[in-house]
Amino acid sequence: MNVVVLGAGVTGIATAWYLLEKGHQVTVIDRAEAAAMETSFANAGQLSYGYTTPWAAPGIPAKAAKWLFRPHSPLILKPDGSRFQWQWLMSMLQNCTTERYQTNKERMVRISEYSREMFRRFEAETGLDFEGRHKGTLQIFRTQKEVAAAAKDIEVLAEYGVPYQRLQPEECLQFEPALRHALGKIAGALHLPNDSTGDCHLFTQRLQALCEAKGAVFKFEHNIERIEYQGRNITAVIANGQHFEADRFVCCLGSFSRTVMAQLGLDLPIYPVKGYSLTVPITNGDEAPVSTILDETHKVAITRFNDRIRVGGMAELSGYEIKLPQERRETLALVVQDLYPQGGDVAKATFWSGLRPMTPDSTPIIGATRYENLFLNTGHGTLGWTMSLGSGRITADLVSDIVPEIRTEDLGMARYA
C-alpha cells in the first residue's frame, strides 16, 4: 500500500519506520525544514517507561490551585480566549477520580511497556547511536507527603512487573553520586532501573535516515492546506499546492492534529500544553547527573547527555503561541543549580519551549477514525518519545490490518464518545 504520514516528529517517523518494515510505500509530510524541529526538538530526554503517570489524578485539583499561586510553579494557566481550553480543563478534572486514574494509568503503562520492548528490539537490530544511556530514572521526593503519595503508582508498577526500588536519601548516591550536595533536601526516592535517556532530536533525525534508506520520501516545508475526501474515504492531502494521494493516511501532527483534523469534522480533545527546557553545557562531569532525575516537587526532569545536561518541565496552558519568559528559565535554572550546583554552566544554557499534545486522560489517541482509510497516532503529551516506537508499531499494524501484539480497543477516539 501507499501510505502518507502527516508529521515528522518522533511519533510520525517511528510510524513510518514500522510501515516500511511491513513493505508499504511511505511519504511523510511536515511543515518544518527538517525532522523533529518542534515538540521532539529539545524535550527532557527521558525514555521514562516506569514514570508513566496520568496528569489527571486524585488530589490534583487541590494541588493545582496551590501551584498557581506558588513561585516557580510547575503549572501556569492563562486564558487563551477559546471555549475549548475550558472544556478540556473540565474533561481533565473529570478524570481526576481514583477509578479513572487507575484506568488511564493501566492504558499508559501498557503502551509504555510495549514501547520499551520495541526499543530493545530496535537497538539490537540497528545499533543506532543517539547518546542513549540505560541507567534508569531516579524520582526524588522532597517531602514525606510525596513519598506516601507514590504508593499508588507503585501498585501499578507491581501489577505490570515493572522493576522499582524504594530508596532512603543516602541510598540515592549509589545511582547519582553528585546528589551528595542535596541530600538534606531529599526525603526519599524511587529508582526505576528499566528507564533510559537520550537525545530525541538526534534519534529522530537518524531514524529518518534509516527510513530514507528503506525508500521513504520526506516532504519538508510543506504546509497542509486541506484534506479532500469522498464519503468515508480520504482521497488526497493538499500541501503547498501538491496533491498527495494514498491508500491510507496517518495523522501524527501532535498539538496541531486537532486543528488539521477539524476540517474533517473530527473533534480531537488535544490541547497544546507548553513545556520548557534548558540545555546546559557540562563543566564538570563528576558533578553532573549520571542518568535522569525527576524532581517531584517542581515537576522538573534533569537528564545527562554526553556533554550536556537537559533540564525540562512545567506545564503551561496558554494556547499555541511560543514565548520564552525569563521567569520560566529561572525556574529550570533554580532546580538544576539546587541539585547539581557544580555540574554545568547555566549562564551558557540554551532556552527552548515546545507544545506537548495532551489529552484530558493523558492517554494518546491511537487507532481508526470514521474515515475508513484515516488513522490517528497522536496526543502523547509528555511521553511522545517514550511511547513512540510502541505506538508506531501498533499504528502500522492497524493500518496493515494486522492484530497488534497488545490490546488497543480502548486507545482510540471511541473512548470519548
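# A tour of helix packing and selected residues

Select helices α1 and α10 to begin: α1 passes α10 in a right-handed crossing. A crossing counts as right-handed if the near helix is turned clockwise from the far one by less than a right angle, and as left-handed if anticlockwise. The model is predicted, so that local features need pLDDT of at least 70 and side-chain atom pairs count only at pLDDT 80 or more, whereas totals for chains, interfaces and linings use all residues. Residues are numbered from 1 along each chain as its sequence is written, and side-chain values use heavy atoms, with hydrogens and water left out.

**Stop 1: α1 against α10**

Helix α1 covers residues 10–21 and helix α10 covers residues 384–399. Helices (H or I, at least four residues) and strands (E, at least two) are DSSP runs, numbered from the N terminus. The axes of α1 and α10 come within 8 Å and cross at roughly 40°. Axes are lines fitted to C-alpha atoms, for helices over the stretch in contact, and the angles run from 0 to 180 degrees between N-to-C directions. The two helices are therefore oblique to each other; angles under 35 degrees count as roughly parallel, over 145 as roughly antiparallel, 65 to 115 as roughly perpendicular, and the rest as oblique.

To display the contact (heavy atoms within 4.5 Å), select V10, T11, A14, T15, Y18 and L19 on the α1 side. Their partners in α10 include W385, S388, L389, R393 and V399. By class, the residues of this contact divide into eight nonpolar, seven polar and one charged. Here Ala, Val, Leu, Ile, Met, Phe, Trp, Tyr, Cys and Pro count as nonpolar, Asp, Glu, Lys and Arg as charged, and the others, Gly among them, as polar.

**Stop 2: S388**

Remain on α10 and centre on S388, which belongs to that helix. S388 has a relative accessible area of 0% and is therefore buried; buried means under 20% relative accessible area, exposed over 50%, and partly exposed in between (1.4 Å probe, protein chains only). Not counting residues up to four places away in sequence, S388 touches V10, A14, S115 and F119.

**Stop 3: α4 against α10**

From α4, residues including M108, I111, S115, M118 and F122 meet α10, where the residues in contact include W385, M387, S388 and I394. This contact holds ten nonpolar, five polar and two charged residues.

R110 is buried, at 8% relative accessible area. Leaving aside neighbours within four places in sequence, R110 is in contact with Y160, I406, R407, T408, D410 and L411. A C-alpha to C-alpha line from R110 to S391 spans 11 Å, for a sequence separation of 281 residues.

**Stop 4: α1 against α7**

Return to α1 and bring in helix α7, residues 200–213. The axes of α1 and α7 come within 10 Å and cross at roughly 30°, which makes α1 roughly parallel to α7. The α1–α7 crossing is left-handed. V10, I13, A14, A16, W17 and L20 in α1 meet C200, F203, T204, L207, Q208, L210 and C211 in α7. Eleven of the residues in contact are nonpolar, two are polar and none is charged.

**Stop 5: Cysteines**

How many disulfides does the structure hold? The count is zero, a disulfide being a pair of cysteine sulfur atoms within 2.5 Å. For C211, the nearest cysteine sulfur, that of C252, is 12 Å away. C211 is buried, at 0% relative accessibility. For C251, which is likewise in no disulfide, the nearest cysteine sulfur is that of C252, at 6.6 Å. C251 is buried, with a relative accessible area of 0%.

**Stop 6: Loop residues**

Most residues other than glycine have a negative phi. A36, although not a glycine, has a positive phi of about 60°. A36 sits in the loop between β2 (25–29) and β3 (46–47) and is buried, at 2% relative accessibility. E221 has a positive phi of about 55° and lies in the loop between β9 (217–219) and β10 (224–230). Is E221 buried or exposed? At a relative accessible area of 53%, E221 is exposed.

Finish at E245, in the loop between β12 (242–244) and β13 (248–251). E245 is exposed, at 54% relative accessibility. Not counting residues up to four places away in sequence, E245 touches N2, V4, T235 and A236. E228 is 17 residues from E245 in sequence and 9.5 Å from it in space, C-alpha to C-alpha.
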